[in-house]
Amino acid sequence: MSPIVRTAGALAAGLIVGAAVTIAIQGRVAEPLAAPTHAAPGEGAEPPAVPAPARPTTVLAWIPSGIPAGFGDRVLGLPDVERVTVVAEDNVWMLGSASAEGDVVDRPPAPYMIPIDAAAVDPKTFGDFLPSSDRGAIAALRRGEGILGISSAELRGLGPGAVMRFEGGAAITIGAVLPDELVGAAELMVSRDTGARIGVTHDRYLLLGPSGPHRPNSKRIGRSLRNLLPPGGGATQRVVVRSPGETPYFRQGDAVLPPVLIKALFGEFAARPDPARPGYLKIDPAWVREHIETATVPVLGSVTCNRGLIPQLRGAMTALERKGLASTVHAYNGCYAPKFVNRNPTNLISHHAWGIAFDCNADVNPYGATPHQDPRLVRVLERWGFIWGGGFAVPDGNHFEYRRAPLASSAA
């Protein structure tokens, strides 16, 4: 594995604080992200106000269970929609990479591989969602080359002309690097044909361009899209719609950090699917030794999490105890767990695999059910930079995970 990847945690502040991941294609709004805090509890900066986008022209829509076949064509048939592109996204396994000069950059130790969050698009329809100055990158997709998001390029130390090699023998030359917001914060974007060669096949979200000069209305568009789905699908078939300014990331599961930013903040691992336990991973033990730690924190007791998260988790639980709210946690249900989301190998990798998410009170907050966490617990954890799964499209009321550094006033 490259020195750049091995020192990702040390470089996180420069990479993430110095570069914003923006939220709306052609209507760019930045929300700076802070690296994990190792300072005293309560230190951190209030995030700046998010300005309104100057020219909002793109809307995000995603469905937890994935985009059904033919849904994009039905959306394009709506009278107030003039352009649509459907984006596939999957975890793919990288065997190694080399610079444009042929120097080895990534070389994970066998039998492990590096998981890459990759997206696949139709160049013909995706080009309509790029600013005119960036549409030259579409030619690279048509040639079978890949596009890196800028955070991915900086994390890997790769650029145009570099080559990434994947499980199954495919080698993809990098043809361009684009801002993260233009590739949905994916690490790698390829064409549909190239995606099929490396395993990017599940349609996760779509981008649509409303017709007319008015600002897109996510509620109105959401109603139109829901009418295109059969009734009674449940929460996993709920259509989530975001207009510019409503989310940091135009991708499925937009509320949480994308993998490339988690890697920059908390370290990138090499792994492989666990043949003995479908839905789980075997992670390189060297990474586990370096990044995963067992420690004692107030309220929860002994926890095994990413060592970069533990100071923040300890601070949050100390604040909870100081406020007399320790009883709002009656069961701790774990943090580090090397697995895919819902232990389904067709899903993306769970953030528990990095040890940056923890569960509590699962007995009364099962996945998919109406959540019943004490709102005082939720408020304290949110002030300390954790996002609550109770507000996800499919409620996950026992789940909290790292979203940002704590606010400066958290210890008050």
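## Surface and overall make-up

The protein chain exposes about 16400 Å², and carbon and sulfur atoms supply 53% of that area. These values, like the others in this report, come from a predicted model. Of the 412 residues in the protein chain, buried residues make up 55%.

The secondary structure of the protein chain consists of 12 helices and 19 strands. When contacts between residues at least 6 apart in sequence are considered, 71% of them join residues at least 24 apart. The sections below turn to particular elements and residues.

## The packing of helix 11 and helix 12

Two packed helices are described by the angle between their axes and the distance between the axes. In this model, helix 11, which covers residues 310-322, packs with helix 12, which covers residues 375-383, at an angle of about 140°, and their axes are 9 Å apart. That angle makes helix 11 oblique to helix 12, and the crossing of the two helices is right-handed.

The residues that meet in this pair can be named on both sides: helix 11 contributes Ala316, Met317, Ala319 and Leu320, while helix 12 contributes Leu377, Val380 and Leu381. Sorted by class, the contact of helix 11 with helix 12 has seven nonpolar residues, with no polar and no charged residues.

Ile172 is found in strand 9, which covers residues 171-178, and it counts as buried because its relative accessibility is 0%. Leaving aside residues up to four places away in sequence, Ile172 touches Gly144, Glu145, Gly146, Ala162, Val163, Met164, Phe166, Leu188, Val190, Thr194 and Ile198.

Ala170 and Ile198 are 28 residues apart in sequence, while their C-alpha atoms are 6.6 Å apart in space.

Not counting residues up to four places away in sequence, Leu225 touches Ala61, Phe71, Val75, Leu78, Leu208, Val239 and Val241. Leu225 and Arg238 are 13 residues apart in sequence, and the separation from C-alpha to C-alpha is 9.8 Å.

Thr247, for its part, lies in the loop between strand 12 (240-242) and helix 9 (259-266). Thr247 is buried, with a relative accessible area of 3%. The C-alpha atoms of Thr247 and Leu60 are separated by 9.3 Å, although these residues are 187 residues apart along the chain.

## Backbone features in loops

A cis peptide bond, with omega of about 10°, joins Ala110 and Pro111, and Pro111 is found in the loop between strand 5 (104-106) and strand 6 (114-121).

Ala185 has a positive phi of about 60°, although it is not a glycine. Ala185 is placed in the loop between strand 9 and strand 10 (188-191), where it is buried, with a relative accessible area of 3%. Asn361, which is not a glycine either, has a positive phi of about 55°. Asn361 is found in the loop between strand 17 (357-359) and helix 12, and Asn361 is buried, with a relative accessible area of 2%.

Definitions and conventions:
Residues numbered from 1 in each chain as written. Predicted model: local features only at pLDDT ≥ 70, side-chain atom pairs only at ≥ 80, totals over all residues. Heavy atoms only, no water. Axes fitted to C-alpha atoms, helices over the stretch in contact; angles between N-to-C directions. Helix = DSSP H or I, 4+ residues; strand = E, 2+ residues; numbered from the N terminus. Parallel < 35°, antiparallel > 145°, perpendicular 65-115°, else oblique. Left-handed = near helix turned anticlockwise from the far one by under 90°. Contact = heavy atoms within 4.5 Å. Nonpolar A, V, L, I, M, F, W, Y, C, P; charged D, E, K, R; others polar. Buried < 20%, exposed > 50% of the residue type's maximum accessible area, 1.4 Å probe, protein only. Areas by Shrake-Rupley, 256 points an atom, 1.4 Å probe, with all protein chains shown as cover.
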